[in-house]
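Hello,

Here is the structure I promised to pass on to you. Please have a look at it first, and then read my notes below.

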Amino acid sequence: MSDHLYVGKSIPRTIEIDKVTGRAVYIDDFKRPGMLYGKILYSDYAHARIKSINIAKAEKLPGVRAVLTGRDVPDVRVGFLKDQSVLKKDVVRQFRDEVAAVAAISPDIAREAIDLIEVEYEELPAVFDPVEAMKEGAPLVHETDARGKPLRTNILPLPWRFQAGDIEQGRRESAFTVIDHVSTTWVNQCCMGPSGCIAEFDMNSNLTLYNQTNVIFGDKGRISEYFSQIGLKGKKIRIINPIVGGSFGTKLDTDIYEFICIQLALKTRRPVKILFDREEEFRALPPRQPARFTVEQGCDREGRLTFRKIEAILDNGAYTSWGATTPSVMMMPVSSLYRVPNIYYQATCVYTNNIYCQAMRGYGNPQASFAVETSMDTLAEKAGIDPAEFRMINRNQSGDLTPMRLKITSCGLEECITSVKEKIGWNDKKGKRNGRGVGIASLIHVAGGARVTLSDGHGIMVKVDEDGFVDVLESGTDQGQGSPTVISQIVAESLGVRPEDVSVIFGDTALCLWDAGTHASRHTFMAGNAAIMACEKAKKQILEMAAEYMPRMIKSDFKKMMKKDPEFVEPELDYSLISDPANLDIRDRKIFLKSDPSHPHFNMDINKVLRRGLHVGTGESRVIAAEAFYDPPTETLDRELKGNLSMTYAFGTTGVEVEVDRDTGEVKILQLVAAHDVGKAMNPTLLLGQVYGAVYTGVGYGLTEEMKLEKGKVMNPNFLDYKLLTAMDVIPIKPVIVEPGDEAGPYGAKGVGEPGLVPTAPAIANAIYDAIGVRIKDLPITPEKVLEAIKNSK
Amino acid sequence: MLNYDYIKPESIKDVFSLLKEYGAEATLIAGGTDVMVNIRNRKLSPGVLISLRGLMDLQYINKNKGYHIGGMTTHRMLEQSELVKNELSALHDGASRVGSVQIRNVATIGGNICNAAPSADTAGPLLVLDAVVVLEGPEGKRKIPVAEFFTGPSTTVRREDEVLVEFDIPEDNSRYGSAYWKHSRRKAMDLPILGVAVALNLAEDRTIVDARIGLSVVAPTPIRALRAEEYLKGKSFREDVLLEAGRIASSEASPRDSIRGKAWYRGDMIKVFVPRMAKLAAERRGVI
Ligand SMILES: Cc1cc2nc3c(=O)[nH]c(=O)nc-3n(C[C@H](O)[C@H](O)[C@H](O)COP(=O)(O)OP(=O)(O)OC[C@H]3O[C@@H](n4cnc5c(N)ncnc54)[C@H](O)[C@@H]3O)c2cc1C
């Protein structure tokens, strides 16, 4: 393993120089000739009937090219449960409901036109609390389902119920049990680059969509389905990623603005761009959903977990996106974080008139892990066991088959817990109650793909030109994670060239093979494996070429030498050795004899062979190109919601030391240790970037970030009042990289995009408890909540 | 809608004549860090922006029978001034916590005070330093104590044809130690949940000769906690005395619930930070 030239090395990022010098073309900079600018009018109410919409003034404004309302576009339902339309015609159910849209020759004119649209509403009773919404007689958010059948409840028809073992049995075996009520709120993904797209039709009504999605083929599929309903069946769709300024879940589903942009482009027959401003990012994008948990757990006298019962209520908001599947990811920590034999889990998603929710980094894992890890601490205390020791007793181990049927292959959790304890100074610091305290929490997450759709595959194409340069057509999205660098390291390593020889082309449905999307921490794992497969094929082609031409080329070189220098004696060589591709290999741009790598004659620059093989002159010219599609042998969840949906799982532990100001309720993080089992660090610098970024997001989730909704309206749609942490708020983070190496991973790697976030908030909450004996079970842990809890505990 | 002209006159006389010419259409702009935000948020739609950035002679900090700070002085200049740091410490605390370095490089103290946000970070410090605002109009100059300058959120006694040219801070501040606490959730790019400024004149025997307390974000304008100040005068500098002063100051405030903070929390924080700032002020004065 140690003889890798590029894998495992902190090679500097390649294309980021363009980003930091302002040259990279984000959607904001992206222009097409004749392009118009689209803008959306949103609802003024959380729930209302639209009585009338008057667009006359807007249409008359010079520079306006189209004004659309729900009456101007086909009444087609879209979304995960097909519970909304593109432009709302009769009823609005949330403040972000799209009521009208405008395309104009400048963003300013579009905005002015939006202001000129007059909408008359009749307000309807609304419901903003999921528990209230479940009660009989609560206002119904939807009167009918997608097929027009009357609905009687706000509860979504998504039954997330999971059972393994026997809870009652578990209860009987318990010496200690605890029950906790835990809750989390809305948080925004806060991408640096705001959302947007450009839709452009050619004269045959084929669509090119320049879009920031990180699931290009999913996006294409949804738009294709939409096309078949609006009379564009059979028209071609091409999705192209511009440079994506972060996604963190926002670009997973096809958002309504994309459909609106398509409609505006169709109407005007011009390219149309919709670009969100920051307020829209907060008000009109789906954030992470709030969840409330009732967690019950038990353990025996030795501290072994006996059962875990979790009931969750999720505020879905007014419509349903992919976010409604977060309970399936919650199931992972619920069923499989630590060894628990008996599990009961039920999640209820409820419609309300709040803005609807989506996925965010970690999917439902941060919410559920906050519940599980809060309960782990209260149970440890009740059982009189040190919280870190308690986790050690129940740690997951290699070879485990969890109640959800996840197959735990490589597992570095033990090392993670041990190193966090040691680095944070656990034994000296815990249990002092002197205003300083330490806390710990762990995580499990998919790290080898996540089979949420029937194909969890990833395709890659590799072509090598006559100069030895490699183009990789990669179906994932580079959303800032640094994949171009890592993929070129993997390609260079497995093909035998250098990373700087490799160009990676991302995100184009016309150029790339199918991919399930750059989400679920799956990209390095999937693309890495696919790249290795493709490179093996390409390498084979090159070596066949070499076996054919190398002997001839070496001989003719000798001839040339003899011509120049009559004294030169041609060495006697066994050319059969290099006439068999199996005897050859490539490394660092050189083709060489495996049995004698330093052979003075039997080695050759790769580009010499490539050129010779291409410029043959006899009708036998060859190019080097290979493709591979990696679809791992994983399972989708069965009827019982069980199945091994990933090839491998990531583990990690976070330890936090805090200081709490008892007079102000302020929490200061003195240090944070984040230990992660990453399989193998492909590029340590990039890996740490993922860990740091995720940890900071986790600190925000734990302490400061919250979207404040008042009767369905976002009251803090800006960075002044939404407390995203700044560079000045950095905390000391000590990362610990645990590398057990994973058999299924490319060079042993596992996914690490999301994990850092997951255990951060619960570790902070646990540390606060250790510091002052007060436990906050509702995120974020604001100074007000801490102070209130201190007062109540007196 | 975003159509406005921009004029940058080179003298204060020209500013006056432009203000006269454009009347209500005109808005003065210094660093623009409030003005541009207000234009974007549509709270302001000026026909013409009259820049004060041609009046660079209004950028100064000096000591000459009292302290004089030009209206166009940036927060960054205040932050980097040793004089302000050592002798007007509360103002140094306030100015160095405004926004970020980028903001402080352009944002001015004159803009901060004329904008008259209840959360303005230099308001509390200027209050406890007993600063006087110097306004200049076509008819000449007039002086108004900062304590009388604000009339409500975003409103002041400044007339539309006047420019804030200077802050005068009395010389006797050299006998005071002062400190300002900005209570906020983040270390940068944040507005205070509340601000507490304290200036203390302490005798060697720890008797409080004089005390001034300024509170921001807890009333429609930044206020002085006069009863708490009165209570402190003549008392000995002791923990229980300071705590009582905090309680009195808190009762003088009228904080409200907002998305930035709850009223009860703000009230409680006054009780915490009046004593803490008093101690810091005393420490800086060198008495404790
Ligand atoms: C990102 C950001 C962060 C911020 N953080 C803070 C913070 O932490 N604390 C804080 O207190 N403020 C903060 N602010 C607000 C702002 O920066 C300050 O109020 C600043 O001092 C305003 O100064 P300016 O020169 O930019 O004023 P401008 O925006 O130019 O003007 C503000 C107002 O004052 C008037 N005006 C300006 N100068 C004069 C003058 N000499 N005479 C008469 N009228 C005048 C203008 O007409 C306008 O009404 C922040 C702003 C931003 C954008």
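Let me start at the contact between the two chains: A:Asp721 and B:Arg260 form a salt bridge through their side chains, with N and O 2.6 Å apart. Please keep in mind that this is a predicted model. B:Arg260 sits in the loop between H11 and H12 of chain B, while A:Asp721 belongs to the loop between strand S29 (713–714) and strand S30 (733–738) of chain A, so this pair joins two chains. The two partners also have their accessibility classes: B:Arg260 is partly exposed, with a relative accessible area of 32%, whereas A:Asp721 counts as buried at 12%.

On the side of chain B that touches chain A, helix H12 (residues 263–285) of chain B gives the largest share, seven residues. By type, the residues on that side of chain B are 11 nonpolar, four polar and 10 charged. The contact as a whole draws 25 residues from chain B and 32 residues from chain A. Between them the chains bury about 2500 Å², with 49% of it on carbon and sulfur atoms.

Over all chains, the structure holds 78 salt bridges. Two within chain A may interest you. In one of them, A:Glu98 pairs with A:Arg96, and their closest N and O atoms are 2.8 Å apart. A:Glu98 is buried at 2% relative accessibility, and A:Arg96 is buried at 1%.

In the other, A:Asp588 pairs with A:Arg498, with 2.6 Å between the closest N and O atoms. This pair links distant parts of the chain, 90 residues apart: A:Asp588 is in the loop between strand S22 (584–587) and strand S23 (590–593) of chain A, and A:Arg498 is in the loop between helix H14 (483–495) and strand S21 (502–506) of chain A. A:Asp588 is partly exposed, with a relative accessible area of 27%, and A:Arg498 is partly exposed, also with 27%.

Next, a helix in chain A. Helix H6 (residues 216–229) of chain A has 14 residues and should span 20 Å at 1.5 Å a residue; its end C-alpha atoms are 20 Å apart, which agrees. Its buried residues are A:Ile216, A:Phe217, A:Asp219, A:Arg222, A:Ile223, A:Tyr226 and A:Phe227. These buried residues of H6(A) pack against several elements of chain A, among them strand S11 (196–201), strand S12 (207–211) and helix H7 (256–268). After H6(A) comes A:Gly231, which has a positive phi, near 85°.

Finally, a residue in chain B. B:Lys235 lies in the loop between helix H10 (226–232) and helix H11 (239–252) of chain B, and at 29% relative accessibility B:Lys235 counts as partly exposed. Leaving aside residues up to four places away in sequence, B:Lys235 touches B:Arg206, B:Thr207, B:Ile208 and B:Val241. B:Thr221 is 14 residues from B:Lys235 along the chain, and their C-alpha atoms are separated by 28 Å.

Happy browsing, and best wishes

Terms used
Residues numbered from 1 in each chain as written. Chains lettered and ligands numbered in written order. Predicted model: local features only at pLDDT ≥ 70, side-chain atom pairs only at ≥ 80, totals over all residues. Heavy atoms only, no water. Contact = heavy atoms within 4.5 Å. Buried area = accessible area lost by both parts, 1.4 Å probe. Salt bridge = Lys/Arg side-chain N within 4 Å of Asp/Glu carboxyl O. Helix = DSSP H or I, 4+ residues; strand = E, 2+ residues; numbered from the N terminus. Nonpolar A, V, L, I, M, F, W, Y, C, P; charged D, E, K, R; others polar. Expected span 1.5 Å × (residues − 1). Buried < 20%, exposed > 50% of the residue type's maximum accessible area, 1.4 Å probe, protein only.
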